[in-house]
Amino acid sequence: MSTALQLALPLDQPPDLVARLRRKGLSKTIAVKLHRNRQVMVTLDPRRGLGIHRGYAWAPDDVLEAVVRWAQPRLKPNERRAAARVMLAFPVHNYVPEPPPRRVVEPAEPGDQARLDRLRKLHRELNDRWFDGTLGPIPIRLSGRMRRKLAHYESRADGASAIVISRRHVRRHGWKQVIDTLLHEMVHQWQDESGLTVDHGPGFRAKAREVGIEPRRSPAWFDSGVRVDRLHRRGQPSAPTRRSPVVRHSHSRSARSRRLAPARVDVSTVDVLGLRLYYVSHSIAETPPDVRRA
């Protein structure tokens, strides 16, 4: 079957994945629920059963055998990890597209409309002054959820471009610093609309200096692009794009397994004077660690 034909099949009528799993040895006592989650590919819960991405309906037999093997309750950890690697290597989103991201709409606060009007006016003025009016109109939003960032640029690759600025930043730091933050995000907008990679590399730093802002960040001046990713088992941080797909297994929840669960390591990156530094924080995992695509 060609890829084009596979992609054209209705998502609510996939090939009989459940029957294939049963033929591969999945116990009839384990309920199966299909989903098309963006990140978690397969889950197993003693009460809810097996949750598996619809895209696995097109997987070859060896991948489904790995799913059945991974779901066994008394499998050795190294064998379970090996099965997870086989499962995550299959590109489920090539057959069942990812659902569009759900955006949480925050309620407006008193004074937001005046702040947004001023930000939009500043965007037009800065666009004319520093970018020769080449940047297109872009939605600007205020966020009360940002704790470690001053602003964030949402690229067109995320669905729709937008500039999001921390409401706390506007209140606390004054408009002079807000203008610098807005210019920083407008440089990202320029990268995005010019077909460049949205990052803090040499091209960004050169353009930032051109528009009169410092192309640097410090712990006291967090802004867009501070992305948090968990550490891979190999000891290297994952790529700062989107989070890797995971599989979650919850057969064992005994006190001993929680005590012996390895610590989870979070890494956040920040550029200081052109150098990328890694801030590492540790927390004890309550369940066995997620298995991620290498």
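Q: Which strands does E4 join, and how do they run?
A: Strands (E, at least two residues) and helices (H or I, at least four) are DSSP runs, numbered from the N terminus; two strands pair if DSSP finds at least two bridges between them. Here E4 and strand E6 (residues 162-166) run parallel, joined by four bridges. Leu142 has Ile165 of E6 as its bridge partner. This is a predicted model, where local features need pLDDT of at least 70, side-chain atom pairs count only at pLDDT 80 or more, and totals for chains, interfaces and linings use all residues. Residues are numbered from 1 along each chain as its sequence is written, and side-chain values use heavy atoms, leaving out hydrogens and water.

Q: What is the strand order in the sheet?
A: The order is E4-E6-E5, in an open sheet with mixed pairing. E4 (140-143) and E5 (151-154) each have a single partner strand, so one side of each lacks a neighbour in the sheet.

Q: Which strands does helix H5 touch?
A: Contact means heavy atoms within 4.5 Å. Angles run from 0 to 180 degrees between N-to-C directions, with axes fitted to C-alpha atoms, for helices over the stretch in contact. H5 (residues 112-130) packs on the sheet, touches E4 and E6, and makes about 135° with E4.
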